[in-house]
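The sequence and the structure are shown first.

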Amino acid sequence: EPRPTTTTTAAAGASAAEASPAAAATTAEAAEAAASPSVLSELQQIRQRHHAKYREREEAAEREEEERREAAVREEQERHDAEMAEKLAREEDEARRLQLEADEEHARQLAEQLNPGATDHPMQPLR
């Protein structure tokens with residue numbers, strides 16, 4: 001004979017427990033919804049602070065990179081200026097040397113013209 005099925009207390013408790021999580025979830029959602037504005041607000045503030053710090057770090061990194069680029073440009077310009085100053089100094093020295101040689105030659109020519117037969121006393125080199 002088949003036995004009639006009866007619900008035991010444990011089974012009834014399980015059914016109630018199964019129904020209870022849904023009810024508990026609804027209650028938790030309601031409680032969370034009530035707390036949500038403050039929690040969401042707090043999370044939003046945390047996010048904003050984090051984003052502000054991130055922006056500050058990014059801006060600082062950009063400033064540092066710009067300073068490095070400017071320093072590199074300055075160093076390159078200083079190197080170029082030093083090379084140009086050295087080149088100019090060499091050119092000026094060479095121009096002075098050539099002018100001195102031209103002046104010495106001109107002085108010899110004048111001495112020859114003024115004293116045509118005075119080869120006994122040649123001019124001393126100025127070098």
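**Entry 1: a nonpolar patch**

I looked up Leu40 and found it exposed, with a relative accessible area of 55%. I used these classes: buried is under 20% relative accessible area, exposed is over 50%, and partly exposed lies in between, with a 1.4 Å probe and protein chains only. Leu40 has its place in helix H1. I then noted that Leu40 forms a nonpolar patch on the surface with Val39, Leu43 and Ile46, and that together they have about 360 Å² of accessible area. For patches I took residues with over 30% relative accessible area and no salt bridge; nonpolar side chains (Val, Leu, Ile, Met, Phe, Trp, Tyr) are joined within 5 Å, and like charges within 9 Å.

**Entry 2: basis of the entries**

I record that this is a predicted model, in which local features need pLDDT of at least 70 and side-chain atom pairs count only at pLDDT 80 or more, while totals for chains, interfaces and linings use all residues. Residues are numbered from 1 along each chain as its sequence is written, and side-chain values use heavy atoms, with hydrogens and water left out.

**Entry 3: the chain as a whole**

I found one helix and zero strands in the protein chain. Helices (H or I, at least four residues) and strands (E, at least two) are DSSP runs, numbered from the N terminus. Of the 127 residues of the chain, 2% count as buried. The chain exposes about 11500 Å², and carbon and sulfur atoms supply 55% of this area. I note that accessible areas come from the Shrake-Rupley method with a 1.4 Å probe, and that for residues only the protein chains shown count as cover.

**Entry 4: salt bridges**

How many salt bridges does a search of the whole structure find? I recorded ten, a salt bridge being a side-chain nitrogen of Lys or Arg within 4 Å of a carboxyl oxygen of Asp or Glu.

I first examined Glu83 and Arg79, whose closest N and O atoms are 2.4 Å apart. The two are four residues apart in helix H1 (residues 9–114), so about one helical turn separates them. Glu83 is partly exposed at 41% relative accessibility, and Arg79 is partly exposed at 40%.

I next examined the salt bridge of Glu94 with Arg97, where the closest N and O atoms are 2.4 Å apart. These residues are three apart in helix H1, which means a separation of about one helical turn. Glu94 is partly exposed, with a relative accessible area of 35%, and Arg97 is partly exposed, with 38%.

I then turned to Arg108 and Glu105, a salt bridge with its closest N and O atoms 3.7 Å apart. Both residues lie in helix H1, three residues apart, about one turn of the helix. Arg108 is partly exposed at 37% relative accessible area, and Glu105 is partly exposed at 38%.

**Entry 5: a network**

Which residues are linked with Glu66 in a network of salt bridges? I listed Glu65, Arg68 and Arg69. Glu66 is found in helix H1 and is partly exposed at 34% relative accessibility. I also noted a polar contact of 2.6 Å between the side chains of Glu66 and Arg69. A polar contact is a pair of N or O atoms within 3.5 Å; within protein, one must be able to donate a hydrogen and the other to accept it, and residues adjacent in sequence count only if both atoms are side-chain atoms.

**Entry 6: a patch of negative charge**

I found Glu56, Glu58, Glu59 and Glu62 gathered in a patch of negative charge on the surface. Asp and Glu count as negative and Lys and Arg as positive, with His and the chain ends not counted. The place of a charge is taken as NZ of Lys, CZ of Arg, CG of Asp or CD of Glu. Glu58 lies in helix H1 and is partly exposed, at 36% relative accessibility.
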